[in-house]
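Student: I would like to learn how to read a structure like this one. Can we go through it feature by feature?

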Amino acid sequence: MVNLKVNRYLFSLTEARKVEVQADMGENVDLSQLKFLFGGKSLSEWKKWTSGTTFNGDPFITLIEKPHFVEGTTIVKATLEFGLLFNRSSLAKSTIRTQYQKYIGYYELAMIDPQNQITAATTVKLNVYDEFLFYHQLKTVIDQIFEQANKKNDRYLEYQSLGKSVQGRDLHFVILARDKTAVDKYLNETLPTALEDPTSLLEKLTNGTMGNYQVPIWFNNIHPDEVEGADAQVELLKKFALGDVVTFKTVKNDQERTVTLNVDEVLENVIFLFMFTNNPDGRVTNTRRNSNGFDLNRDNHFQTQVETRLVTQEIAKWTPLSFLDMHGYISGFLIEPTTPPHNPNYEYDLLYNNMIEQAHSMGQAGLGNSDFNSYLIPALDYKDGWDDMSPGYTPMYAMLHGSLGHTIEIPALSQNGFRAMVGIGLGAVLFVTENKDTLYKNQLEIFKRGVNGEDNRAVDKYLVNASGDAIGRIRGENKNFFPDYYLIPFHKNQQKNNLEAHRMIQYFLRNGVKVKQTTKYMKINGRMYPKGTFIIPMNQAKRGVVNAMLYKGDNVSDWGAMYDPIVVNFPDLRGFTITEIRNAVAFDQYLIEIKSVMTPTGKVIPNVPKQVLSNTNNDTIKLVITLIMNGAVVEKAMETKGGVTKGDFIVKTNDLQAFGNSYYFEAKSLDTSNLIKTEPLKLPKVAVNGSSHLKYSVKELGFDLVKQENADVIVSDSSSLIVSYLSGKSYVGIGLAALTAVKNRGLLFGYNFVYTRNGHEGLVKAKIKDHVLTSGYKTNELLYTTSGAWITSVPVGAEILASFSDSDDFYVAGWWPGHEEAKGQILAFTHSFNNTTITLFANDLAFGAHTQYNYRFLANSIFDSVSS
């Protein structure tokens, strides 16, 4: 084997490159017979991509300078050109994004003399762009940067794993600062003072006594198949951990200028936070969603997924000033802020102008660092359709903490796209360091409004309707958009779901919100509440986080386009009771702050043979499934009588004592003198056909899943429906796709439905009929839909389960143009025929794993599928 010398070892799928190769092939070589191999294949076998998974285009690698001797030697020299394997410089196209990574790796490049059996070879690398790293390489490179920095300077670098992903991978997080003192001072002095007494820091900034302080800049990537986001962060970490100066170009009004940042001076002003990828499993599999099938950039408010819980907790801990979420790939180079409508829980007047200016600074540096020639800002360049009404996106969640939150979308998956994303980061650093005092004053003003309970009307002009008219925060008859307190009771006579109420408290504590409890029995709004009642005071810096999750929501149906669903409303979608308190002195001094809370478990009634478990929460469903799986007998009440409600569960006390310790349930003793019609509860075999959210939700209830052909019941939110599977089974169809599937196959004579558009969503008032499938629900409920659909007719003999309310105010919140037509229409029904039962829900029962109050519709329908 002869060594093949090359003038480059790194090749790109997104940038054509030439390489000179040379080797001493001896005196007897016939130049015309030399062959070249790449990865063991001849160059003619390397064809460019044409479509799908087909590669039959022009050659990917071409010989552009034939082999020839270097004058006076036996060294043979040639030039190859590595073109674009996918015949384009951007691999953002969806059909390419799923397959390009298998071509990344090390290959042998060889020049072969077949006559003399001489091979000259070397190893080269083919990458999508030079800096791309697979997940398993990230930590190694981070460690190398740390090692180099420790030898080069005394900057503070700290690695943390924020925790583990669904599949057990580390969420890599790095802090870079001037020194540890800067980090400790920010976390233990500056930030606590900012949240508790922002006025004192504002005074210091005004009179020049603030002294040296740093503010955090957070770099983030949540969609791991938008790959530049992680790699650009590694590059930025290298520059600021290892460099003395960082030089880059920006472009403004077609004029280019060079900027030089002194890194030590930068670190006098900022602390860098690098969240390389929120979704390690997706980085491994090159998918947008996590291992449970969730888009994490729609889960930062719901926080149903472990990854978002870990990251949002850290965002709350640091409360960064600037937050950059690195994405791709829309057709334009997009940098937020967004179009209206805006979430009214932002102090938008204190964010907007600075976000516009930071967007320009990032865009200008992005252009200077790449070949892109323009960028756009939705707030300036779009009318609608790119809004920040939902706090589910990571930057929008950060904005509730007073951050300048930006989603950045580069238009190309390429070497050029990578360079632009690095420029984005540099532009943000430039902007923050040049304007730190002004930016921090605005963040402190956000905190000050919260602490003082101020509803500043300067926000209102940014909150507009589709006609552009300012409508402001919707206050109704109240002077202040925000209540003084939220009260969350825990007593069973005051709280319809104590478990979810406690989980909400845990959520707030995890998200940096102050929570208190009453220290005595108190009368509030004419009602007595026991000692220990949870109180969320709204005169706090993070009040926007609280209100965004607890308020009813807004009706923005006048808008022509919305980017994604907007209803959050934890109390109604997860099913627990809250009370607004609009009295600033309602509690006087009788409150104590808490730092943690344990979720409750059920209490077994002693000295009775059997007891009744109310069908009022999801943990009870999990419990009865556990009991049945462990051989216990569980009965289901089939009538309402003597304090037992139809659909409640009856169990033996001994069984409950053995298995109930880990669950929350509400039990009462069974009056054995009062005979109640029951039937044994059986555990059906369940198949889920459709979305990851539905599968996750059904599994969360405790059901194991089987294939459709083996199931007793098929639960579906899919347009796929195999009619032959239905015989002898129950089918539970949810949402527009399932409504359509049943109609198109003509399964139910007399059934029909109408819809406006899939994705139209809303929180609606509903009327619930008394039925075993609606056990645990009251006559008047608030339900959620994302299908924009309603049922107009049902088969003869079908039983209607729920309908939209016929009141004029039936629509509460969301985005659903045309929702007026759904007033009074049917939401759900069930019908049995020919050894099959079909139950259809026009609304969504499992959206985002957040509509947990609706889960018992699922459980009731599943249990009923094997009813006696």
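Student: Which residues have the most contacts inside the largest nonpolar core?

Tutor: First, the ground rules. This is a predicted model, where local features need pLDDT of at least 70, side-chain atom pairs count only at pLDDT 80 or more, and totals for chains, interfaces and linings use all residues. Residues are numbered from 1 along each chain as its sequence is written, and side-chain values use heavy atoms, with hydrogens and water left out.

Tutor: Now the general idea. In soluble globular proteins, nonpolar side chains tend to be buried together. A nonpolar core is a set of buried Ala, Val, Leu, Ile, Met, Phe, Trp, Tyr and Cys residues joined through side-chain atoms within 4.5 Å. Buried means under 20% relative accessible area, exposed over 50%, and partly exposed in between, with a 1.4 Å probe and protein chains only. Here the largest core has 186 residues, and those with the most contacts inside it are Phe38, Tyr100, Phe240, Phe272, Phe333 and Phe508. Helix α12 (residues 415–434) gives this core its largest share, 11 residues. Helices (H or I, at least four residues) and strands (E, at least two) are DSSP runs, numbered from the N terminus. There is also a second, separate core of 79 residues, with Ala687, Val713, Leu721 and Ala859 among them.

Student: What does phenylalanine 272 touch?

Tutor: Contact means heavy atoms within 4.5 Å. Leaving out residues up to four places away in sequence, Phe272 touches Val174, Ile175, Leu176, Ile217, Phe219, Phe240, Val266, Leu267 and Val429.

Student: How many aromatic pairs are there?

Tutor: A pair of aromatic rings is described by the distance of the centres and the angle of the planes. Rings of Phe, Tyr and Trp (its six-membered ring) pair if their centres lie within 6.5 Å; planes under 30 degrees apart count as stacked, over 60 as edge-to-face and the rest as tilted. The count by this rule is 52 aromatic pairs. One of them joins Phe38 and Phe82, edge-to-face, at 5.2 Å centre to centre with 80° between the planes.

Student: Why does that pair tie together parts that are apart in sequence?

Tutor: Phe38 lies in strand β5 (residues 35–38) and Phe82 in strand β10 (residues 75–82), so the pair links parts 44 residues apart in sequence. Phe38 is buried, at 1% relative accessible area. Phe82 is buried too, at 1%. Ring pairs also link Phe11, Phe38, Trp46, Phe60, Phe82 and Tyr107 into a cluster.

Student: How many cavities of 30 Å³ or more does a search of the whole structure find?

Tutor: Rolling a probe the size of a water molecule over the atoms shows where empty space is left. On a 1 Å grid over the protein atoms alone, a cavity is a set of points where a 1.4 Å probe fits but cannot get out; lining residues have an atom within 4 Å of a point. Grid points are joined across faces, edges and corners, and a volume is the space filled by probe spheres set on the points. The search finds eight such cavities.

Student: What is phi at asparagine 253?

Tutor: Phi of Asn253 is near 50°, a positive value in a residue other than glycine. Asn253 lies in the loop between β16 (245–252) and β17 (255–262), and counts as exposed at 65% relative accessibility. Asn607 has a positive phi near 65°. Its place is the loop between β30 (591–594) and β31 (610–613). Asn607 is exposed, at 77%.

Student: Which residues of helix α20 are buried?

Tutor: In α20 (residues 735–744), the buried residues are Gly735, Leu736, Ala738, Leu739, Ala741 and Val742. They pack against β37 (713–716), β38 (730–734), β39 (752–755), β42 (789–793) and β46 (836–841). Just after α20, Gly746 takes a positive phi of about 60°.

Methods:
On a 1 Å grid over the protein atoms alone, a cavity is a set of points where a 1.4 Å probe fits but cannot get out, and a pocket is an open set with protein on both sides within 12 Å along at least five of seven lines; lining residues have an atom within 4 Å of a point.
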